[in-house]
Amino acid sequence: MTSPSNLPSWGALQTHYEQIKNDTMRASFADDPDRFSRYSMSAAGLFLDYSKNRMTDQTLANLRALADECELKSWIQRMFAGEKINFTENRAVLHTALRNRSALPVLVDGEDVMPGVRRVLQKMRLFVRSVHNGEWRGCTGKRITDVVNIGIGGSDLGPYMVTEAMVDFACPDIRAHFISNIDASDLVHTLGPLDAETTLFIVASKTYTTLETMTNAKSARQWFFDETGKQDGVARHFVAVSTNSRAVQDFGIDPANMFEFWDWVGGRYSLWSAIGLTIALRIGMDYFEDLLAGAHAMDEHFRTAPFHENMPVILGLLGIWYRNFFGAATYAVLPYDQRLHLLTDYLQQSDMESNGKSTGRDGRPVSVDTGPILWGGPGTNDQHAFYQLIHQGTHLIPADFIVALEGDTNLTLHHRMLVANCFAQAEALMKGKTADEVRVELSAAGMSPEDQEKLVNHKCFPGNRPSNMILMDKLTPHNLGALIALYEHKIFVQGIIWNINSFDQWGVELGKKLAMTLLSEMEGEQQPEQHDSSTNGLLGLYKIRAR
């Protein structure tokens, strides 16, 4: 495919941008009393209000024309059909199969993968039940009380985020912990309070060779030995999520306690697979399958809905609008729910590892800006941190607000205040505050006209800052599944438009390879000289300190 910037629809969007770039959303709402109803929709248990965007009907029509010229519908069909659209690794992209709740087959190389998916889900269900009912016990006969997930990247962020978000659905007898960083303090501080006799480790690594994961796993195994003195207890305290049965067995884990997944499961899309075993142990298999069902509902919506009624497509295209025509280099995800405090961290990997690319599918450098920087955090805490920049800074930062209409405690005032703040921030970003409005406010406070003028510009807000509002009735496993899938598909849409492969991640490889070289040099006697002067100097300082 040619660069998107060469397409007629891209030129039409550029012309249209020049025509409306100075329009204000204040005026748009004043001119169109039905703007909210026309630019809002529901799907899979979520409600999206996208009316607070700098757009018109023509904007959306032009964006849909771009999607058509980029053959987005065909790419959606190819992904769901199991084609190997991750062509640099010759892999299908079928995280959607992991949560397929229909009876329809999903084929890869002519083979239906669904029997294998269902087999692993059933194995997970039996294992979770055995831990919860006390049938599975530690090597000294004690019940399992703590589960430690050892992984990194998608094998950590996804399960960690979901277990934190689903705390209100958690089994009270099972606590979940996560170790990912090679920094020893992560492991030491996590294991310190735990009882080895009641702790179960889940080692999540597709190849069972991931440096950080296996280093942490071996240290955890040594901790278990030191704490219990039972060299033969590993089989009752360690299980694996992997494809490498020989390496799993060599580690000391019974291959019967290895949970399988497949090469068409990308790391950052893997929480739906056996990588989600920690989630299932924490919240129970029924709730885990509710999570899958919510994602499947969004999958079906994305696969079948026309683009003008398609939530991931609309969000993806609006992201293109701001990234490539308004020049917005970042966007913020702002969940108004403390339980979603890890959502932005999770989405950073999903988005920036997927679309942080500068080479097109044709192997040539891209000619347009691709993946924006995603950041944010939970309100209302962050209203007292970076919201100042979003409101009055020099950057245009589109934002997604996320909130549940119902709280999960009896402290209704708290939740009412939370929702009010969420809605108010979106309104303030859209409306801003004019100089005349500031003068009226200061005058009402008794300030003289002379003193007012000293403050007017400081208290003005430019407004016209775009946002989306994503609502759900309550934060449930189903709705969380739909929310995660919504962002997965939004990212896919943008990758197709930008003509990049959203499913490889070669950019993480170089640093890992260099780290292995540096590690061997740190352990050697001679002063390294093969690097640049900075790296050589830093290595020298380390070796002096480490003596």
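**Entry 1: N499**

I started with N499, which is buried, its relative accessible area being 4%. For my bookkeeping, buried means under 20% relative accessible area, exposed means over 50%, and partly exposed is in between, with a 1.4 Å probe and protein chains only. I then looked at the backbone of N499 and found phi near 65°, a positive value in a residue other than glycine. N499 sits in the loop between α21 and α22 (509–523). Helices here are DSSP runs of H or I with at least four residues, strands are runs of E with at least two, and both are numbered from the N terminus.

A note on the source: this is a predicted model, in which local features need pLDDT of at least 70 and side-chain atom pairs count only at pLDDT 80 or more, while totals for chains, interfaces and linings use all residues. Residues are numbered from 1 along each chain as its sequence is written, and side-chain values use heavy atoms, with hydrogens and water left out.

**Entry 2: the whole chain**

Next I stepped back to the chain. I counted 23 helices and 13 strands in its secondary structure. Its radius of gyration is 26 Å, close to the 24 Å from the globule rule for 547 residues, so the chain is as compact as a globular protein of that length. That radius is taken over C-alpha atoms, and the rule is 2.2 Å times the number of residues to the power 0.38. I also noted that the C-alpha trace spans about 80 × 60 × 60 Å along its principal axes.

Of the 547 residues, 52% count as buried. I looked at sequence separation too: among contacts between residues at least 6 apart in sequence, 74% join residues at least 24 apart. A contact means heavy atoms within 4.5 Å.

In soluble globular proteins, nonpolar side chains tend to be buried together.

Not counting residues up to four places away in sequence, L483 touches L46, L343, I402, I470 and M472.

**Entry 3: D290 and its helix**

I found D290 in helix α14 (residues 285–304). D290 is partly exposed, at a relative accessible area of 35%. Leaving aside its neighbours within four places in sequence, D290 is in contact with P477 and H478. I also checked D290 against R439, 149 residues apart along the chain: their C-alpha atoms are separated by 53 Å.

How do α14 and α15 lie relative to each other? The axes of α14 and helix α15 (residues 311–324) come within 7 Å and cross at roughly 70°. The two helices are therefore roughly perpendicular. The axes are lines fitted to C-alpha atoms, for helices over the stretch in contact, and angles run from 0 to 180 degrees between N-to-C directions. Under 35 degrees counts as roughly parallel, over 145 as roughly antiparallel, 65 to 115 as roughly perpendicular, and the rest as oblique.

The contact is made by M298, H301 and F302 of α14 with M311, P312 and V313 of α15. I sorted these residues into 5 nonpolar, 1 polar and no charged. In that sorting, Ala, Val, Leu, Ile, Met, Phe, Trp, Tyr, Cys and Pro are nonpolar, Asp, Glu, Lys and Arg are charged, and the others, Gly among them, are polar.

**Entry 4: backbone checks in loops**

I found a cis peptide bond joining G379 and T380, with omega about 10°. T380 is in the loop between β11 (373–376) and α17 (387–392).

A44 has phi near 55°, a positive value in a residue other than glycine. A44 lies in the loop between β1 (40–43) and β2 (46–49), and at 17% relative accessibility A44 counts as buried.

T163 lies in helix α8 (residues 154–165) and is buried, with a relative accessible area of 4%. Not counting residues up to four places away in sequence, T163 touches F178, T278, I279 and R282.

V419 is in helix α18 (residues 412–431) and is buried, with a relative accessible area of 11%. V419 and D337 are 82 residues apart in sequence and 9.5 Å apart in space, C-alpha to C-alpha.
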